[in-house]
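Thanks for coming, everyone; I would like to walk through one model this morning, going residue by residue where that helps. Please keep the structure open beside you while I talk.

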Amino acid sequence: MLQQLPEPLVIAHRGASGYRPEHTLASYRLAIALGADYIEPDLVSTRDGVLVARHENEISRTTDVAGRGEFANRMTTKLVDGRDRSGWFTEDFTLAELKTLRAVERLPELRPRNTRYDGRYDVPTFDEILRLVEEESVRLDRSVGVYPETKHPSYFAELGLALEEPLLSSLSRHGLDGPSSPVFIQSFEPGNLQWLRPRTRLPLVQLVCDTGRVDLVTSTGLRRVATYADAVGVAKGLVIPLHPDTGTIGDASSVVADAHAVGLRVHVWTLRDENHYLPNGYRRGTDPAATGDSIEEAQAFLDAGVDGIFTDHPDTTLEARRLHTSGIRTHATT
Ligand code: G3P
Ligand code: CA
């Protein structure tokens with residue numbers, strides 16, 4: 001059973017990552033303050049089996065590890081999900097060691113304002129995030145949801161650091177394991193979700209990337225997904241492809257209708273304010289870091305009938321939802 005929260009949901013992707021270094025308590029706290037319905041931690045494991053929030057297990061782009069002499073000899077190259085990755089990996093650090101690192105902005109060229117927060121925040125554990133959610137829900141007297149993603153689950157399982165049991169244990173410890181708990185669990189790996197299905201009543205979300213398992217969003221694929229998941233979390237181009245010639249937004253695909261026909265919700269990722277991420281037609285000026293007409297882009301996805309939107313800028317998407325639910329269709333006047 002899905003939770004009774006306002007829909008379409010606004011899901012703060014890696015927190016309010018347009019405004020703070022991603023996957024920090026500051027980023028999640030700001031997302032909640034801005035009014036996001038859910039915050040989204042991506043989860044990986046430390047050497048001692050603690051779940052922490054990072055988008056990938058290689059952490060040189062999102063922490064100061066590369067400048068930390070005491071860890072210089074931890075730099076290595078590994079095969080992760082079929083690709084060689086060089087850098088520093090969470091599974092080579094104990095939680096105590098990882099806690100000495102500080103988060104940095106992943107996208108300093110696009111988000112230079114966020115670099116003033118570099119060095120200020122540590123890497124949060126999943127338990128710390130759940131405590132924050134609990135505290136803020138009480139303080140604000142509203143339900144704040146959490147939308148964890150298991151990252152590289154097969155890879156971590158092969159290391160003896162499977163993510164699934166610690167994930168379910170943490171959620172259970174925090175009382176977030178009931179059918180109406182405001183939680184979605186997401187993964188790109190069907191096997192991971194199929195393992196979880198008989199072990200949790202929480203809704204599961206099959207992620208689909210536009211360069212990955214697109215067979216999962218055909219009508220046949222969606223029927224299969226509906227046997228173990230409650231929603232699909234799809235790259236935005238799968239819902240509204242761009243015109244190949246112009247790069248402008250095109251007509252909506254049948255993914256939303258096909259998913260709804262088999263009882264699956266559709267959550268789309270990822271909307272961002274910067275021109276760099278916007279289709280032609282919604283960009284303003286030529287600076288990739290400048291803010292474009294992201295409200296209009298969000299409106300297009302709301303018009304397409306999605307049930308949730310992952311966003312780096314929750315305030316923008318919340319405003320688009322407010323306009324949408326008020327029946328107001330706006331157009332930029334630039
Ligand atoms: O989880 C939805 C979306 O976040 C998947 O993309 O790469 O940002 O985790 P990613
Ligand atoms: Ca994610």
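T150 counts as buried at 3% relative accessibility, where buried means under 20% relative accessible area, exposed means over 50% and partly exposed is what lies in between, with a 1.4 Å probe and protein chains only. T150 is found in strand β8, and here helices (H or I, at least four residues) and strands (E, at least two) are DSSP runs, numbered from the N terminus. The side chain of T150 makes a polar contact with the side chain of N192 at 2.7 Å. By a polar contact I mean a pair of N or O atoms within 3.5 Å, where within protein one must be able to donate a hydrogen and the other to accept it, and residues adjacent in sequence count only if both atoms are side-chain atoms.

Before going on, a word on provenance: this is a predicted model, in which local features need pLDDT of at least 70 and side-chain atom pairs count only at pLDDT 80 or more, while totals for chains, interfaces and linings use all residues. Residues are numbered from 1 along each chain as its sequence is written, chains are lettered from A and ligands numbered from 1 in the order in which they are written, and side-chain values use heavy atoms, with hydrogens and water left out.

Which protein residues are the donors of the calcium ion, ligand 2? They are E40 (OE), D42 (OD) and E149 (OE), lying 2.1 to 2.3 Å from the ion, with donors taken as N, O and S atoms within 2.8 Å of the metal, or 3.2 Å for Na, K and Ca; water is not among the atoms, so sites may look incomplete. Along the chain, these donors follow the spacing E-x1-D-x106-E.

The hairpin of β3 and β4 has 5 residues between the strands, and G49 in the turn has a positive phi of about 80 degrees. Within β3, D42 and V44 point one way and L43 and S45 the other way, and all are buried.

Next comes ligand 1. The residues around ligand 1, meaning those with a heavy atom within 4 Å of it, include E40, D42, E149, K151 and W269. An N or O atom in the side chain of R14 is 2.7 Å from an oxygen atom of ligand 1, a polar side-chain atom of K151 also lies 2.7 Å from an oxygen atom of the ligand, and for E40 the corresponding distance is 2.9 Å. The protein covers 92% of the 280 Å² of accessible area that ligand 1 has on its own, with areas from the Shrake-Rupley method and a 1.4 Å probe; for residues, only the protein chains shown count as cover.

Finally, some backbone details to inspect. W269 and T270 are joined by a cis peptide bond with omega of about -15 degrees, and T270 lies in strand β12 (residues 265-271). H23, which is not a glycine, has a positive phi of about 55 degrees; H23 sits in the loop between β1 (9-13) and α1 (25-34) and is buried, with a relative accessible area of 0%. D141 likewise has a positive phi of about 55 degrees without being a glycine, but D141, in the loop between α3 (126-140) and β7 (145-146), is exposed at 70%.

Note on methods:
Two strands pair if DSSP finds at least two bridges between them.
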